[in-house]
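Keep the picture open as you read.

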Amino acid sequence: MPVQAAQWTEFLSCPVCYQEFDGGGHRPVSLGCSHTVCHTCLHKLHRKACPFDQTPISTELHLLPCNHALLQLVGAPVAEVQPVSLSSSEDVQHYQVSRTCVEELALYLKPFSGDKGSAALSPSLLSRPMQRKLVSLVNCQLVEEEGRVRVVRAGRSLGERTVTELILQHQNPQQLSANLWAAVRARGCQFLGPAMQEDALKLVLLALEDGSALSRKVLVLFVVQKLEARFPQASKTSIGHLVQLLYRASCFKVTKRDEDSSLMQLKEEFRSYEALRREHDAQVVHIAMEAGLRISPEQWSSLLYGDLGHKSHMQSIIDKLQSPESFAKSVQELSIVLQRTGDPANLNSLRSPLELLANIDHNPDAAAPSWEDLEGVMQAVKLVIQGLVEFMQNFSKKNQDSPQPQANSKYKTSMCRDLRQQGGCPRGASCTFAHTQDELEK
């Protein structure tokens with residue numbers, strides 16, 4: 001039975017025996033499938049396959065090279081690289097250059113490396129998605145063909161994320177929010193604010209989760225009447241726009257009637273709040289992408305939920321909606337953004353390596369790259385990440401002394417009942433309800 005893989009942050013210890021990697025018996029060895037185990041556990045395998053996903057190991061175990069990129073992160077002495085059996089001296093040289101690029105890229109993980117094989121959650125210039133993708137790259141293995149296919153795909157993914165982060169750095173968050181809601185309204189839809197939207201979605205579900213079929217008018221009236229007590233501003237127009245958003249997301253099965261309004265029935269796969277909410281969120285993200293807007297998972301979480309606790313949820317939606325063509329479009333968008341700003345960081349110099357990465361075949365069944373192509377990809381990834389890091393160090397908006405939102409900050413849409421009735425609130429500043437009129441208005 002396959003072993004459960006460790007969390008991605010535990011990349012400095014063996015996921016089988018949990019011992020920190022070292023230069024001796026626990027030296028790290030990466031497999032073609034991009035899982036890494038220590039030398040001791042590798043030679044204890046009952047069958048010649050990855051213990052996590054059962055991918056067969058096609059190379060003799062003693063020929064699999066140590067992962068020197070991980071070894072240098074734990075401070076172990078890095079011995080001379082054992083020779084790799086290749087057909088020509090040129091291929092050996094391409095391999096050596098590619099391996100060196102991976103080792104140099106791994107050093108960007110050094111500030112986050114904690115004790116006992118885990119990555120510390122200390123602040124860093126690289127975002128969590130970038131760290132995760134870089135860990136995936138560092139765990140790739142260059143000897144087997146499958147490993148080389150994976151490493152160029154990991155390089156493409158790093159390049160795509162880099163472009164997104166650079167575009168985000170050049171955007172005005174306030175203007176971004178206004179542009180998003182304008183794009184939503186232009187499609188006949190509306191977002192009512194985190195609290196009101198959540199309640200309205202739950203009421204739509206309450207009306208339709210048993211398979212009932214209602215006309216749009218009846219559904220809207222039901223939701224408005226239920227919402228009025230808590231949200232007096234709820235109107236048939238605003239709720240109608242929310243229903244239109246769900247209609248655009250294809251959440252309804254519509255039955256037409258000859259001389260009467262159509263009936264709307266919630267599709268079976270959306271008869272739970274989690275499923276309905278995810279499809280709702282995906283539709284809003286899709287509208288933003290259609291409008292050419294790039295919004296970070298943190299911003300999405302704040303905009304749609306009023307807190308920062310839904311970053312992973314939003315990131316998964318963004319990843320699912322990405323198309324193979326979106327990378328090349330993002331590179332063009334970045335060029336347009338840089339023309340407007342004057343490009344003080346000379347990011348236009350990254351266009352050539354970014355276009356090289358965008359042209360990589362993302363298909364898992366793609367042929368393994370030649371050694372020369374592999375070297376080109378690794379050098380492109382190195383240039384791109386160097387450019388991102390230098391930009392974050394010298395030009396990032398995050399380096400400015402601006403107050404950062406707190407993890408539990410929320411939009412407060414109503415006054416605290418404890419404060420009103422008892423004159424005090426036991427939750428204090430962490431209360432999710434407003435304690436002053438200023439808080440409520442903000």
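Start with helix α4 (residues 128-138) and helix α5 (residues 145-169), whose axes come within 9 Å and cross at roughly 165°. Helices here are DSSP runs of H or I with at least four residues, numbered from the N terminus, and axes are lines fitted to C-alpha atoms over the stretch in contact, with angles from 0 to 180 degrees between N-to-C directions. That angle makes α4 roughly antiparallel to α5, a label for angles over 145 degrees.

Before going on, note that this is a predicted model, in which local features need pLDDT of at least 70 and side-chain atom pairs count only at pLDDT 80 or more, while totals for chains, interfaces and linings use all residues. Residues are numbered from 1 along each chain as its sequence is written, and side-chain values use heavy atoms, leaving out hydrogens and water.

Which residues make the contact between the two helices? From α4 come P129, M130, K133, L134 and L137, and α5 brings V151, A154, G155, S157, L158, R161, T162 and E165; contact means heavy atoms within 4.5 Å.

Now turn to the cysteines. The whole structure has 0 disulfides, a disulfide being a pair of cysteine sulfur atoms within 2.5 Å. The sulfur of C33 has its closest cysteine sulfur in C50, 3.5 Å away, which is too far for a bond. C33 is buried, with a relative accessible area of 5%, and C50 is buried too, at 1%; buried means under 20% relative accessible area, with a 1.4 Å probe and protein chains only.

Terms used. Parallel < 35°, antiparallel > 145°, perpendicular 65-115°, else oblique. Buried < 20%, exposed > 50% of the residue type's maximum accessible area, 1.4 Å probe, protein only.
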